[in-house]
Amino acid sequence: VRSDPAHLRVVVDHLFREEAGKLTCVLARILGPRNVDLAEEVVQETLARALEAWAEQGLPERPAAWLTQAARNRAVDLIRAKRRSVAFAPDLEALLSSEWTLVPTVQAMFHQEEIGDDVLRMMFSCCHLALPQEAQVALILKLVCGFEVREIAALYLASEASLEKRLTRAKARLRRAPGLLELGGASAVAGRVDPVLTALYAMFSEGYHGSGPGHPVAAVTCREALRLCGLLAEHPAAALPRTKALFALMCLDVARLPGRTTPGGDLLPLEEQDRATWDRDLIDRGMRAMAASQEGDALSAYHVEAAIAAQHCLAPRAEDTDWATIVELYDRLLELHASPYAALARAVAVGRARGASAGLAAIAAISDPRLERTPFLHAAVGRMRQELGESTAAAQAFRRAVRAARSDPERRFLERKLAACLPRA
Amino acid sequence: MPDYMLLLRGTYHVERRLSPAELAAMMGRFTGWIRELGARGQFRGGDPFQQEGRLVASGGGPTVADGPFLETKDAVGGYLILAAETLDAATALAVDCPLVQAGAGVEVRPIKLMAP
């Protein structure tokens, strides 16, 4: 059993991503949404206690089960201490008030097969119609996706203090409901699907383009987003065509995660990836979901992004990639949802389809200061300059990219690129 | 609706007699029964008792004994307080209680409201 603090920290971080949301949702189901702060407290305390206990005794054999049991015990203690003064979920109130039924009831809630339903109900409860969509999304990221306030603030380019304020207001709204939203009303759910999809997409992207130091790709975050999206795609009321499209996109991206990094954690560009490592079953699942998402005639950005991912999955080798089709898909994506990142990805595809000069012209046409601060823009310019044989300009671009790198693996990757265009000593 | 206390007797005996699977199934039915009473607003509370306890002889004094409550088939094992329209209705509820169905005895006692 390894218990050095750094390793422990990583394990706990991963577990937190996977378990915190689930535990918070079950606890909010038992304690009622009006006690969502208590639910969060129980989860925080449980994780803190786990860190302490594990640092001393080493990791338990099944850490997730350990966490669940600890959270359950803590919940029972808390209910005993507060049941005379605090109202919990109305339909469980009688069962929680009596020692005849308290422990079996809490146990059953943590065991139940429908934990997925609690998670869905929580996500939809966060999307109260009186809240602005940004607040709905932030609430889902905080309560269901296990994001810290700092991470959500970074996503929205907001200060932690202002985000904290927004979350407090949103939670106050959530607290007014006696119980979590029932999933029975199909129309009530369908009206709230979009912010849920937005939150899951944000969670997925954060994992996929992870900005955390030392973690260029947080696979665990991507997989958890995929799992949550799968719950939506399987629920009749939530499985709209765009839900299925987002699920397809996540399948097709997660399937290729094993190829994106070396065993040492370094990033690999598309053409250097070993396509044999891609998860064929997951690609099949993604393709089936994409086919299922074609019903109806509404085309969402998720549809187009899934189609782009599918193009990569379908190419047997990197040089077989149909870049012309990918450029067309990016054109459509930009019509549906203009973003500087999509514009840059389009320019890269143009560079592959029509040559580096055309790619550079496409990059020059985008002017967005946000891109200047990311390594992506400079790396794309560097590559195209290099293809044109302009080593000095290429090196200059890669130097800028290195300066903008957000993690060590990203920096090492870009430094290799930079070294490749410098004249050999 | 007035409140009635149901004193459950012989519950330890029932617990010993049932197999673990039977006991789990019975507690499942019991939980469902309480959930329903709760939904109808008739569940006021109730808890099981530990087997260990003390018996203080009537009249107080120094005669205090550890209670061998588990030995007797009519040892009180817990209580419930339910709201019902009448003593008959409360009794009908008591008869439906899965613990009683499984062999426990029950004493149904209306809570007495003292005259002001």
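What you're looking at is a predicted model, where local features need pLDDT of at least 70, side-chain atom pairs count only at pLDDT 80 or more, and totals for chains, interfaces and linings use all residues. Residues are numbered from 1 along each chain as its sequence is written, chains are lettered from A and ligands numbered from 1 in the order in which they are written, and side-chain values use heavy atoms, with hydrogens and water left out.

**Chain A as a whole**

- Chain A is built with 23 helices and zero strands; here helices (H or I, at least four residues) and strands (E, at least two) are DSSP runs, numbered from the N terminus.
- For 425 residues, a compact globule would have a radius of gyration near 22 Å, and chain A agrees with that at 23 Å. The radius of gyration is taken over C-alpha atoms, and the globule rule is 2.2 Å times the number of residues to the power 0.38.
- Laid along its principal axes, the C-alpha trace of chain A spans about 80 × 55 × 40 Å.
- In chain A, 53% of the 425 residues are buried. Buried means under 20% relative accessible area, exposed means over 50%, and partly exposed is in between (1.4 Å probe, protein chains only).
- Take the contacts in chain A with a separation of 6 or more: 65% of them are between residues 24 or more positions apart. A contact means heavy atoms within 4.5 Å.
- Chain A exposes about 19400 Å², and carbon and sulfur atoms supply 52% of that area. Accessible areas come from the Shrake-Rupley method with a 1.4 Å probe, and for residues only the protein chains shown count as cover.
- On the charge side, chain A has 53 positive and 53 negative side chains, with the centres of the two sets 3 Å apart. Lys and Arg count as positive and Asp and Glu as negative, while His and the chain ends are not counted; the place of a charge is NZ of Lys, CZ of Arg, CG of Asp or CD of Glu.

**Chain B as a whole**

- Chain B has four helices and six strands.
- Follow the sequence of chain B and you get the pattern β-α-α-β-β-β-β-α-α-β.
- In chain B, 34% of the 116 residues count as buried.
- Of the chain B contacts between residues at least 6 apart in sequence, 76% join residues at least 24 apart.
- The accessible surface of chain B is about 7000 Å², and 58% of it belongs to carbon and sulfur atoms.

**Aromatic pairs**

- Over all chains, the structure holds six aromatic pairs. Rings of Phe, Tyr and Trp (its six-membered ring) pair if their centres lie within 6.5 Å; planes under 30 degrees apart count as stacked, over 60 as edge-to-face and the rest as tilted.
- One of the pairs is A:W54 with A:W66: their ring centres are 5.1 Å apart and their planes are at 70 degrees, so the pair is edge-to-face.
- That pair links distant parts of the chain, with A:W54 in helix α2 (residues 36-57) and A:W66 in helix α3 (residues 63-82), 12 residues apart.
- A:W54 is buried at a relative accessible area of 1%, whereas A:W66 is partly exposed at 26%.
- The rings of A:Y201 and A:Y302 have centres 5.6 Å apart and planes at 45 degrees, so this pair is tilted.
- A:Y201 is partly exposed at 25% relative accessibility, while A:Y302 is buried at 13%.
- Ring pairs also join A:W100, B:F30 and B:W33 into a cluster.

- A:T243 belongs to helix α13 (residues 241-254) of chain A and is buried, at 0% relative accessible area.
- Beyond its neighbours within four places in sequence, A:T243 touches A:V193, A:L197, A:C229, A:L232, A:A233 and A:A238.
- A:A397 is part of helix α22 (residues 391-404) of chain A and counts as buried at 5% relative accessibility.
- Setting aside neighbours within four places in sequence, A:A397 is in contact with A:H378, A:V381 and A:G382.
- The C-alpha atoms of A:A397 and A:A248 are separated by 35 Å, and the two residues are 149 residues apart along the chain.
- B:Y12 is in helix α1 (residues 11-17) of chain B and is buried, at 6% relative accessible area.
- B:Y12 and B:V100 are 88 residues apart along the chain, with 12 Å between their C-alpha atoms.
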